[in-house]
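Here is a short briefing on one protein model. Start with the sequence and the structure below.

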Amino acid sequence: MTDPRTDPGALPCGRDRADLVAFAADGHATDPALAEHAAACPHCAPVLAAAEDDWARVRAAAAVPLPTPPGLAERALAAVRAVRGAGGVVEVDQEGGALRVSERVVALAARAAAAEYLADTGGGHLRSVTTGPGTVELGLAVRFGTAIDPLAERLRAHVLASLAPHLGERVPVVDVRVVDVTHPPSG
């Protein structure tokens with residue numbers, strides 16, 4: 001019991017509104033004494049009835065099956081494969097020998113550079129990075145209305161400039177492929 005003089009959630013009978021809402025949410029399974037009290041109490045009965053009505057709407061909404069949004073499976077798979085190298089290596093000649101760099105590391109470096117550029121400029125979101133012998137492909141989702149060619153060229157140049165200090169003459173060809181067009185936020 002709570003004191004209605006000191007607790008703003010307390011009803012005149014001493015019960016707490018939050019307890020009644022929790023009771024309605026649990027489906028009355030938790031406290032038989034509260035059920036008996038609320039059925040007879042002129043203060044608790046309307047609060048409990050309102051809470052039961054609210055929870056009935058929540059349960060009804062939760063029971064409605066929602067269709068899978070178009071393209072969700074493809075986007076999820078692309079995210080799972082977001083950094084995929086072909087398993088090869090890039091050999092970077094240096095003083096005293098050659099440095100072998102995994103294509104997966106090249107993909108991660110390209111991903112970081114692309115994500116950095118897109119975060120600073122907007123207009124798109126990186127969905128995937130794949131590598132092959134001498135290539136890096138960036139899968140890009142662009143916002144509707146974005147000029148794709150200039151964005152892709154600036155992104156390509158940024159990634160190349162980011163990789164060049166690390167890979168020297170072995171910088172791969174960077175391709176940008178638009179894989180999705182997203183709608184701007186409505187509002």
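Ser128 has Gly139, in strand 5, as its bridge partner. Strand 4 and strand 5 run antiparallel and pair over eight bridges. Note that this is a predicted model.

**The hairpin of strands 4 and 5**
- Strand 4 spans residues 124-132, and strand 5 spans residues 135-143.
- Two residues lie between these strands in the hairpin.
- Gly134 has a positive phi in this hairpin, near 75 degrees.
- Strand 4 is largely enclosed by the rest of the structure, because eight of its nine residues are buried.

**The largest nonpolar core**
- The largest nonpolar core contains 23 residues.
- The residues with the most contacts inside this core are Leu118, Val129, Val136, Leu138, Leu140, Leu155 and Val159.
- Two or more residues each come from helix 5 (103-121), strand 4, strand 5, helix 6 (148-167) and strand 6 (173-182).
- Helix 5 gives the largest share of this core, seven residues.
- Leaving aside neighbours within four places in sequence, Leu118 contacts Gly124, His125, Leu126, Leu140, Leu151 and Leu155.
- Another core, of eleven residues, lies apart from the largest one. Its members include Leu11, Phe23, Ala38 and Leu48.
- In soluble globular proteins, nonpolar side chains tend to be buried together.

- Helix 1 covers residues 17-25, and Leu20, Phe23 and Ala24 are buried in it.
- These three cover an arc of only 95 degrees around the axis, so they sit on the same side of helix 1.
- An α-helix has 3.6 residues a turn, so residues three or four places apart point the same way.
- Helix 2 (32-40) and helix 3 (44-63) are among the elements that cover the buried residues of helix 1.
- At the start of helix 1, a side-chain oxygen of Asp16 comes within 2.8 Å of the backbone nitrogen of Ala18.
- Gly27 follows helix 1 and has a positive phi, near 75 degrees.

**Whole-chain figures**
- The protein has six helices and six strands.
- Along the sequence, their order is α-α-α-α-β-β-β-α-β-β-α-β.
- The protein has 187 residues, and 29% of them are buried.
- Of the contacts between residues at least 6 apart in sequence, 53% join residues at least 24 apart.

Methods. Residues numbered from 1 in each chain as written. Predicted model: local features only at pLDDT ≥ 70, side-chain atom pairs only at ≥ 80, totals over all residues. Heavy atoms only, no water. Helix = DSSP H or I, 4+ residues; strand = E, 2+ residues; numbered from the N terminus. Buried < 20%, exposed > 50% of the residue type's maximum accessible area, 1.4 Å probe, protein only. Contact = heavy atoms within 4.5 Å. Pairing = 2+ DSSP bridges. Arc of directions from axis to C-beta. Polar contact = N/O pair within 3.5 Å; in protein donor to acceptor, adjacent residues only side chain to side chain. Core = buried A, V, L, I, M, F, W, Y, C linked by side-chain atoms within 4.5 Å.
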